[in-house]
Amino acid sequence: MADIIAAIKSKSIFGSLPVFKRLDSWSNWLVALKAAFALPMDPAELEVYRKYTGRQTAPTVPPSELWFIVGRRGGKSFMAALVTVFLAVFVKWPLGLEKGYLMIIACDRRQAGVVFQYVKRILELPAFKALVAKELAEEIWLTNNVVIAVQTSSYRAVRG
């Protein structure tokens, strides 16, 4: 699996997105991603990690669950889309003949639309464009048998 931070910094992968022209505004998110994927942190990043988690050492294995408290316009939807595309493209899932689903659950229909647009925009990058096999109203099927789906949080819509 490729390193998500390297993918963000790479101009041929996520780094070509206009939002990443100035990475300094994403520094806290980069630390969060390093923690999520158990990537090494430099001393300054470790201080940020300690400040927001109260933990002294960074994770050495990816956690099984993450919780983020982020304010309005803090980048949550974009990061959900980015991480999902990263997982869909760079992780080799043992699928066999079946399709693998990566779902993003949004609080309402409007937010689901926002997140879906982020996913579509990321997948339009030259590095990923050829991976899109089919685009539906709420799903994008990739050529590697992974489907990215964006759903609303409803007990009627999401099952299992």
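Which residues is Ile122 in contact with, leaving aside its neighbours within four places in sequence? I put this to the model, which is a predicted one, and found Phe14, Leu17, Phe78, Ala81, Leu82, Val85 and Phe128 in contact with Ile122.

**Entry on the cores.** I then looked up the largest nonpolar core, which has 42 residues, and noted that Ile122 is among those that touch the most other members, together with Ile4, Phe14, Phe20, Leu33 and Leu82. I listed the elements that give two or more residues to this core: the helices α1 (4-9), α2 (27-36), α4 (76-90) and α5 (109-123), and the strands β1 (100-106), β3 (139-142) and β4 (146-152). Which element gives the most to this core? I found that α4 does, with nine residues. I also noted a second, separate core of five residues, including Val31, Ala35, Met41 and Leu46.

**Entry on Ser77.** Staying with α4, I looked up Ser77, which lies in that helix. Is Ser77 buried or exposed? I read a relative accessible area of 18% for Ser77, and because the limit for buried is under 20%, Ser77 counts as buried. Leaving aside neighbours within four places in sequence, I found Ser77 in contact with Gln111, Val115 and Tyr118.

**Entry on α2 and α3.** Next I took the pair formed by α2 and helix α3 (residues 43-53), whose axes come within 10 Å and cross at roughly 85°. I therefore recorded α2 as roughly perpendicular to α3, since angles of 65 to 115 degrees count as such. Which residues meet where these helices are in contact? From α2 I noted Asn28, Val31, Lys34 and Ala35, and from α3 I noted Glu45, Val48, Tyr49 and Tyr52. Sorted by class, the contact of α2 with α3 has five nonpolar residues, one polar residue and two charged residues. Val31 and Ala35 of this contact are also listed in the second core.

**Entry on backbone angles.** Finally I looked up phi, keeping in mind that most residues other than glycine have a negative value. Ala38, in the loop between α2 and α3, has a positive phi of about 55° although it is not a glycine.

Terms used
Residues are numbered from 1 along each chain as its sequence is written. This is a predicted model: local features need pLDDT of at least 70, side-chain atom pairs count only at pLDDT 80 or more; totals for chains, interfaces and linings use all residues. Side-chain values use heavy atoms; hydrogens and water are left out. A nonpolar core is a set of buried Ala, Val, Leu, Ile, Met, Phe, Trp, Tyr and Cys residues joined through side-chain atoms within 4.5 Å. Buried means under 20% relative accessible area, exposed over 50%, partly exposed in between (1.4 Å probe, protein chains only). Helices (H or I, at least four residues) and strands (E, at least two) are DSSP runs, numbered from the N terminus. Contact means heavy atoms within 4.5 Å. Axes are lines fitted to C-alpha atoms, for helices over the stretch in contact, and angles run from 0 to 180 degrees between N-to-C directions. Angles under 35 degrees count as roughly parallel, over 145 as roughly antiparallel, 65 to 115 as roughly perpendicular and the rest as oblique. Ala, Val, Leu, Ile, Met, Phe, Trp, Tyr, Cys and Pro count as nonpolar, Asp, Glu, Lys and Arg as charged, and the others, Gly among them, as polar.
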